[in-house]
Amino acid sequence: MDLKIARLSLWLDRFEKGAVTALLGTMIVVVFLQVFFRFVIKGSLPWSEELSRYIMVWAVFFGASMGAKSGAHIGVEVFVNLFPPNVRRVMTIVSGLLTQIFCVMVLVLSLQVVFSIYEMGQVSPAMEIPMYIPYLAVPVGAVMMSIRFMQATYAKWKKEGEVDL
């Protein structure tokens with residue numbers, strides 16, 4: 001089982017890093033082109049700001065997933081470290097469960113929004129792409145964060161069970 005989890009983790013690591021790198025690289029190129037067109041050619045690209053905004057949203061949710069794995073999200077470890085190891089393990093599980101509940105709530109509510117936008121057929125003003133595509137970043141990010149929070153909770157739970165000598 002640990003081998004499958006390790007493979008999933010490695011695959012997600014590569015996917016997240018590749019996606020964030022590609023998204024931010026694309027955003028840099030698009031913004032550079034917009035500045036070049038606006039100040040050198042004296043014309044603007046009508047779609048560049050919209051595309052940059054959507055890319056940023058996707059990059060933020062992939063980055064949030066990466067942060068969930070590395071423990072970069074806000075936590076109150078000073079308070080938790082006051083307790084003995086047994087209590088810390090219980091707090092780790094409770095924290096993990098609450099985080100999963102939050103991720104599931106975000107997933108369910110964001111899917112409702114995505115389906116609503118899909119049914120309305122709304123398109124973006126400049127690029128005229130379906131608006132559910134940018135909004136899909138939220139449920140995709142929620143699923144990825146959920147997986148990463150589970151991994152982080154499991155790793156922390158195993159660590160809390162180790163005896164410090």
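**Close-up views of a predicted model**

View 1. Phi of Glu128 is near 55 degrees, a positive value in a residue other than glycine. Glu128 is placed in the loop between α4 and α5. With a relative accessible area of 61%, Glu128 is exposed.

View 2. Six aromatic pairs are found when the whole structure is searched. One of them joins Trp58 and Phe62, with 6.0 Å from centre to centre and 35 degrees between the planes. The pair is classed as tilted, because stacked applies to planes under 30 degrees apart and edge-to-face to those over 60. Trp58 and Phe62 are four residues apart in helix α2 (residues 48-70), so about one helical turn separates them. Phe62 has 7% relative accessibility and counts as buried.

**View 3. The aromatic pair of Tyr118 and Tyr132.** The rings of Tyr118 and Tyr132 form an edge-to-face pair, with a centre-to-centre distance of 5.1 Å and 75 degrees between the planes. Tyr118 belongs to helix α4 (residues 85-120) and Tyr132 to helix α5 (residues 132-135), so the pair ties together parts that are 14 residues apart in sequence. Tyr118 is exposed, at a relative accessible area of 51%. Tyr132 counts as partly exposed, at 25% relative accessibility.

**View 4. A cluster of aromatic rings that includes Trp58 and Phe62.** Trp11, Phe15, Trp58 and Phe62 are linked into a cluster by ring pairs.

View 5. Asp13 is located in helix α1. The relative accessible area of Asp13 is 17%, so the residue is buried, given that the class covers values under 20%. When residues up to four places away in sequence are not counted, Asp13 touches Lys69 and Arg148.

Conventions. Residues numbered from 1 in each chain as written. Predicted model: local features only at pLDDT ≥ 70, side-chain atom pairs only at ≥ 80, totals over all residues. Heavy atoms only, no water. Phe/Tyr/Trp six-rings, centres within 6.5 Å; stacked < 30°, edge-to-face > 60°. Helix = DSSP H or I, 4+ residues; strand = E, 2+ residues; numbered from the N terminus. Buried < 20%, exposed > 50% of the residue type's maximum accessible area, 1.4 Å probe, protein only. Contact = heavy atoms within 4.5 Å.
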